[in-house]
Amino acid sequence: MLLVLVLFGLNSLKAQQNNFLSLREALQIAKENNLSILKSQLDIHLLEENVKESKELRLPDVEISGGYSRISNLTQFKSSFMKEKEVVHTIPEMYDLKTDFRMPLYAGNKINNAIEIAKQQVEIAGITKEKVENDVQLLVISTYLEIYKLRELQKIIEENIREEQNRLKEVHSLQKHGTVTKNEVLRAELQLADRELTALNNSKNIQILLHDFKTLLQLPEEQEISVDSSAIINENKVDPYDLYLSRALNNEDIRIANQQVNIRKIEMNLIKGNYYPRINFFGNYALKYPNYMFFPPEPYLYSLGQIGIEARFDLSELYKNKTKMHIADTKLEWQKMETKIVKDKVQDELYKNHVHYQEAIETFKVVDKSLELAEENYRIVKVKYLNQLVLITEMVDADNSLLQARYSKIATRIDAAMKHYKLLHTAGLLKEEFKL
């Protein structure tokens, strides 16, 4: 019997260990499985293919064509109303096989600029992938901590329910002895029902969060998950704001905005290329039958080829391109302004998160003291209630205050941890925090 109990205990411990998921492990799973991250990787791959496609503009265009036809005799009318005519017999079959190629030698640097734009877009996609990863990481952290917070609340509520059940038994016992009224019994029953309802609602919220969490990590719905309390921080100091700001000015949003400015500049150069001629190297070679280079045609297969350089210049661009240049210049100024707005937004967000994190840390002592006072108040009121010196309403108020104080201690530290991670996220330091 003892061996069975030991084996059962070991199996239960092993099951708990298998279900346990640390925050670092959750972030690693999300990095590998999250659909948004996988989609951003595909975006990079597609844009890399665009770079290859842009480079292929330098390659010659080669075309091969052929045809076969039959023609009628040539009829020539020598007078009006087609009264006199002369028929010239032709060679009825015609066929040809032709090859053309054209390779750009100069196009106002348009091809190089198109390639550079494609490369810049790949860099933006890479930064966007980093941003998606960081956003997903923050969402994973937020959901993870919220699950932990609600589960801790569930423990507190369930413990409080057991206390309420014991108190209700005491009230029923006192009622039998005629020392309490029916109203106090109803109040105790109402308090217990309220706690049970709160526990049920909180349990459903945990289920919803677990479902969202498994979707983020692409885990099976039936998998049980146990979270870790080590994610809670107990720091008593906050690094200076300037330390975070120096890193935040290089976060993903600002880097993307700067890359967009570079693209706008290259687009201007691309449009400037319309002012220059296009020069191509070209050639063709053909096999034809019959030989219509002479007349009458000769029934021989012949070949003819040519090779050379051609230049084209669109005169209309001299007046049409001015508007295009003006639009491109306006887009560049707009993008520079947008970059400044993004920088200001990042700084404001960073400052707000830094202040909120400081505030959260400073509330630790307050909530700890509140819990001590609530516990002492609950102890005093409970003694008085058992001695029939106070009404059950005071006992309920003391119980509610203790429940709120116990929850506030846990919630404050979890909220502080979340504010810390938000601060790191804005500063672009979240990945470094977990060394992923």
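How many nonpolar, polar and charged residues does the lining of the largest pocket have? The tour of this predicted model begins there.

**The largest pocket.** Select K131, D253, E349, H425 and T426, which are the closest to the centre of the largest pocket among its 15 lining residues. The pocket holds about 280 Å³ of space. By class, its lining has three nonpolar, five polar and seven charged residues. Next, colour α4, α7 (252-272), α8 (317-362) and α10 (392-427), the elements that each give two or more residues to this lining. The largest share, five residues, comes from α8.

**Along helix α4.** Select residues 110-176 to display α4. This helix has 67 residues and reaches 96 Å from its first C-alpha to its last, close to the 99 Å expected at 1.5 Å a residue. Within α4, select E164. The residue is buried, with a relative accessible area of 2%. Beyond its neighbours within four places in sequence, E164 is in contact with Q191, L192, R195 and D399.

Select E56, L57, L59, D61, R102, M103, P104, A107, K110, I111, R278 and N280, the residues that line the second largest pocket. About 190 Å³ of space lies in it. The largest share, three residues, belongs to β4. The lining of this second largest pocket has six nonpolar, one polar and five charged residues.

Definitions and conventions. Residues numbered from 1 in each chain as written. Predicted model: local features only at pLDDT ≥ 70, side-chain atom pairs only at ≥ 80, totals over all residues. Heavy atoms only, no water. Helix = DSSP H or I, 4+ residues; strand = E, 2+ residues; numbered from the N terminus. Buried < 20%, exposed > 50% of the residue type's maximum accessible area, 1.4 Å probe, protein only. Contact = heavy atoms within 4.5 Å. Expected span 1.5 Å × (residues − 1). 1 Å grid on protein atoms, 1.4 Å probe; cavity = no way out; pocket = protein on both sides within 12 Å on 5 of 7 lines; lining within 4 Å. Points joined across faces, edges and corners; volume = space filled by probe spheres on them. Nonpolar A, V, L, I, M, F, W, Y, C, P; charged D, E, K, R; others polar.
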